[in-house]
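Here are some notes for a colleague who is opening this entry for the first time. Please read them with the sequence and the structure side by side.

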Amino acid sequence: MAKITYITSDAKVHEIEVQNGLTVMEGAVQNNIPGIDADCGGGMACATCHVYVQDDWYNKLSAKEDGEEDMLDMAFEPKKNSRLSCQLIVSDELDGLVVNIPSKQS
Amino acid sequence: MIKTDALIIGAGPTGLFTAHQIKLIGLDCEIVDNLDKVGGQCIELYPDKPIYDIPAVPECTGEELTKNLINQLKPFDIKFHLSERVEEVKKDNVNWIVKTNNGKIFSTPNVIIAGGVGSFEPRKFSIKECEKFENKSVFYSVKDKKIFEGKTVAIFGGGDSALDWAIELSKNSKVNLIHRREEFRGAQATVNKMHALAKEGKINLFTKYQMTSVHGNGQLESIDIKNDDDEKKNLKADYALGFFGLIMQLGPIANWGLNLDKKTIEVDTEKFETNQKGIYAVGDICSYPGKLKLILSGFHEGALAARACFKLARPDEKYRFEFTTTSTNLLKRLGKKE
């Protein structure tokens, strides 16, 4: 289990206990957190589960695969700290992770 | 008005196999898709990615799967209506009347929605003001390249479309190519060609930059771009082209009176029928307890929806289940028997 904090674009804070092995995307979708569309269902094929990872966490995460950076080209307002939340697998190490959800996914 | 036993919306793998099942049991069908080609997500999102969980096919790419499904439809005469988006589904006395954005009208007792996550639409610039210039000086595809001759064009994106158009338009226009990072995901040969043109000064390349605002009065005049270090530039621009790939939008489906759960359509698991009699949903777009978004689930759902169509298309006949291995009727339809 890891506590993941999702901050939506209206600055609402959602703290969710997410099971290990799920993705940060699934944690959001299963708990009805608005702003994560995940159209392709986690296949790294749509860039609609885009999140901004807070700086102190960004470098602790597993590195991006090539395909993820390619998909981020298509995301809505990508930044340096952009990730696809379907590629972030929850484990005890992610306990305390904070992600910001963009105002739109497309 | 086109009359058919069943209209399938969506030419992805589920729509294609559903068509197979409909033709196999002796009904007619036509297929509408918003894309200009057959294959849906398999072709648009992952043509080269291998898929490993199609039963009896250990490994195949999205493109190969699509080709095989099209091959499987060869015995049948199926009319495809591509680049057509269904806008409206309404009931007359008996049938569903389906209208597309280009004015095609279908009359059918059965509508099968195999629409994935909706229709593919181009992703747009995130700057709201771009809407004012859309289809005048801001475009997401090129219909007539002549309008760019002698003009200054800002091209955004890092894939093949952005690169191909930057190379092509650099012959007769002043091209600024802007991309959010240094790496381009287009074909290596195209990336090399673009860099060569940039070296010759035929293309002005701005990497790590993104658009921040647009200026102009009716017609676009200039754009502002900013890089990761907050350095800003103002570039003259008669036109801006954005190539950020496609996004899936549920679109008009939301207005057809169907029970929706988020972006999916609720169905039963006997006929895969929605709350509207004669409208079915199969594949990724349908939801029911235990739904898996797998291609193989779409095949099963389509096979059952096809049988359900029979009752409404042939109310006076009785559907009889048959195997392709033994049924003379089915073998005739497949062209394997005279």
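1. Confidence in chain B. This is a predicted model, and the average pLDDT of chain B is 95, with 100% of the residues scoring at least 70. For the complex, the predictor reports an ipTM of 0.84 together with a pTM of 0.77.

2. Division of chain B. Chain B is split into domain 1, made of residues 2-121 + 247-333, and domain 2, made of residues 124-244. The C-alpha centres of domain 1 of chain B and domain 2 of chain B are 38 Å apart, and the C-alpha trace of chain B spans about 70 × 45 × 40 Å along its principal axes.

3. Make-up of chain B. Its secondary structure amounts to 8 helices and 24 strands, and 41% of the 338 residues of chain B count as buried. Taking the contacts in chain B with a separation of 6 or more, 60% of them are between residues 24 or more positions apart.

4. A covered helix in chain B. Which residues of α5(B) are buried? Helix α5 of chain B, at residues 160-169, is mostly covered, since DSSP aside the count is simply that 7 of its 10 residues are buried; they are B:Ser161, B:Ala162, B:Leu163, B:Trp165, B:Ala166, B:Ile167 and B:Leu169. The cover over these buried residues of α5(B) includes the strands β13 (152-156), β14 (174-179), β15 (203-207) and β19 (239-242) of chain B, as well as the helix α6 (188-199) of chain B.

5. Make-up of chain A. Chain A has 3 helices and 5 strands, and from the N terminus on these elements follow the order β-β-α-β-α-α-β-β. The radius of gyration of chain A is 12 Å, close to the 13 Å that the globule rule gives for 106 residues, and chain A is therefore as compact as a globular protein of that length. Along its principal axes, the C-alpha trace of chain A spans about 30 × 30 × 25 Å.

6. Burial and contacts in chain A. Of the 106 residues in chain A, 39% count as buried. Among the contacts in chain A with a separation of 6 or more, 67% are accounted for by residues 24 or more positions apart.

7. Two residues of chain A with positive phi. The loop of chain A between α1 (24-30) and β3 (50-53) holds A:Asn32, and A:Ala38 also has its place in the loop between α1 and β3 of chain A. Phi is near 55 degrees for A:Asn32, a positive value in a residue other than glycine, and phi is near 50 degrees for A:Ala38, again a positive value in a residue other than glycine. Is A:Asn32 buried or exposed? A:Asn32 counts as exposed because it has 9 C-beta neighbours inside 10 Å, and 12 or fewer is the cut-off for that class. A:Ala38, by contrast, is buried, because 22 other C-beta atoms lie within 10 Å, where 20 or more are required.

8. The interface. How many residues of chain A are in contact with chain B? The contact involves 13 residues of chain A and 15 residues of chain B. On the side of chain A that touches chain B, the classes are 6 nonpolar, 2 polar and 5 charged residues.

Terms used:
Residues numbered from 1 in each chain as written. Chains lettered and ligands numbered in written order. Predicted model: local features only at pLDDT ≥ 70, side-chain atom pairs only at ≥ 80, totals over all residues. Contact = placed C-beta atoms within 7 Å. Nonpolar A, V, L, I, M, F, W, Y, C, P; charged D, E, K, R; others polar. Domains from an automatic or database assignment. Helix = DSSP H or I, 4+ residues; strand = E, 2+ residues; numbered from the N terminus. Rg over C-alpha atoms; globule rule 2.2 N^0.38 Å. pLDDT = per-residue confidence, 0-100.
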